[in-house]
Amino acid sequence: MPYVDTKDVISQSFKNLMEKKSFDKITISDISDEAKINRQTFYYHFHDKYELLNTIFYNDVIVELIDGFSIDNWAEKFLTMLNTLKKDSKFYKNALHTSYGGEFRAYLLNLTQKLLYNLIGTLTGENSVDDLDRVYVAKFFAYGITGTIIDWITTGMKDSPEFITNHLKDIIDDCKILIVAKYLK
């Protein structure tokens, strides 16, 4: 008999439920029933449904995004992330329309800002850009990228992940030239 990861079963059951029901209305009993486990098994793996949502988001989206993230592959990483979000569009749209949605947005914004902060250091050399400038540039782009992704999710993901990625890439490539020109005189 093949090995079944209980956490995966719980995660998939939760995703299935979020296709039919809003996050705020889903109970631990609902998740346990859908996964065909008892409530205690759920609590053995997760503290609550918020931790479950964080775990799914982290495992499905973030791990792939941050693993090996660099100046050379950032666009491919974002494309992979957008494809993952699109594949489970109902789940992620529902997650944003919950009482938890603000935390979800903040998490994505904070992560994007950290990734961009590091990319700016790679692009210009760690000591070429004043740290305060680097923080503000990373914050500016993080708000733009995160806002674009959040808007894309909440408006039904009508544009393809490739369309979004190509537009972000064009904007960032143009701005990269300006950043390098300013800080590497």
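Student: Why is Asp-60 called partly exposed?

Tutor: Asp-60 has a relative accessible area of 25%. Buried means under 20%, exposed over 50%, and partly exposed in between, with a 1.4 Å probe and protein chains only. The value of 25% lies in between, so Asp-60 is partly exposed.

Student: What kind of model is this, and how are residues numbered?

Tutor: This is a predicted model, in which local features need pLDDT of at least 70 and side-chain atom pairs count only at pLDDT 80 or more, while totals for chains, interfaces and linings use all residues. Residues are numbered from 1 along each chain as its sequence is written, and side-chain values use heavy atoms, with hydrogens and water left out.

Student: What makes Lys-15 and Asp-60 a salt bridge?

Tutor: A salt bridge is a side-chain nitrogen of Lys or Arg within 4 Å of a carboxyl oxygen of Asp or Glu. The closest N and O atoms of Lys-15 and Asp-60 are 2.4 Å apart, so the pair meets the definition. The pair links distant parts of the chain: Lys-15 is in helix α1 and Asp-60 in helix α4, 45 residues apart. A helix here is a DSSP run of H or I with at least four residues, numbered from the N terminus.

Student: Is Lys-15 buried or exposed, and how do you know?

Tutor: Lys-15 counts as buried, because its relative accessibility is 10%.

Student: How many salt bridges are there, and which residues do shared partners join?

Tutor: There are five salt bridges. Another of them pairs Asp-30 with Lys-21, at 2.7 Å from N to O. Bridges that share partners join Lys-15, Asp-60, Lys-87 and Asp-88 into one network.

Student: How many aromatic pairs are found, and why is the pair of Phe-14 and Phe-91 called edge-to-face?

Tutor: The whole structure has 11 aromatic pairs. The ring centres of Phe-14 and Phe-91 are 6.0 Å apart, with 80° between the planes. Rings of Phe, Tyr and Trp (its six-membered ring) pair if their centres lie within 6.5 Å; planes under 30 degrees apart count as stacked, over 60 as edge-to-face and the rest as tilted. Phe-14 lies in helix α1 and Phe-91 in helix α6, so the pair ties together parts that are 77 residues apart in sequence.

Student: How do you know whether Phe-14 and Phe-91 are buried or exposed?

Tutor: Phe-14 counts as buried at 0% relative accessibility, and Phe-91 is buried at 1%.

Student: What makes the pair of Phe-57 and Tyr-92 edge-to-face?

Tutor: Their ring centres are 6.2 Å apart and their planes stand at 65°, so the pair is edge-to-face. Phe-57 is in helix α4 and Tyr-92 in helix α6, so parts 35 residues apart in sequence are tied together.

Student: What makes us say that the charged end of Arg-134 sits over the ring of Tyr-117?

Tutor: The distance to the ring centre is 3.9 Å. A charge sits over a ring if NZ of Lys or CZ of Arg is within 6 Å of the ring centre and within 35 degrees of the ring normal. Lys-7 is placed likewise over Phe-46, at 5.6 Å.

Student: How do you know that the span of helix α8 agrees with its number of residues?

Tutor: The expected span is 1.5 Å times one less than the number of residues. Helix α8 has 24 residues and should span 34 Å; its end C-alpha atoms are 34 Å apart, which agrees. Its buried residues include Arg-134.

Conventions: Helix = DSSP H or I, 4+ residues; strand = E, 2+ residues; numbered from the N terminus.
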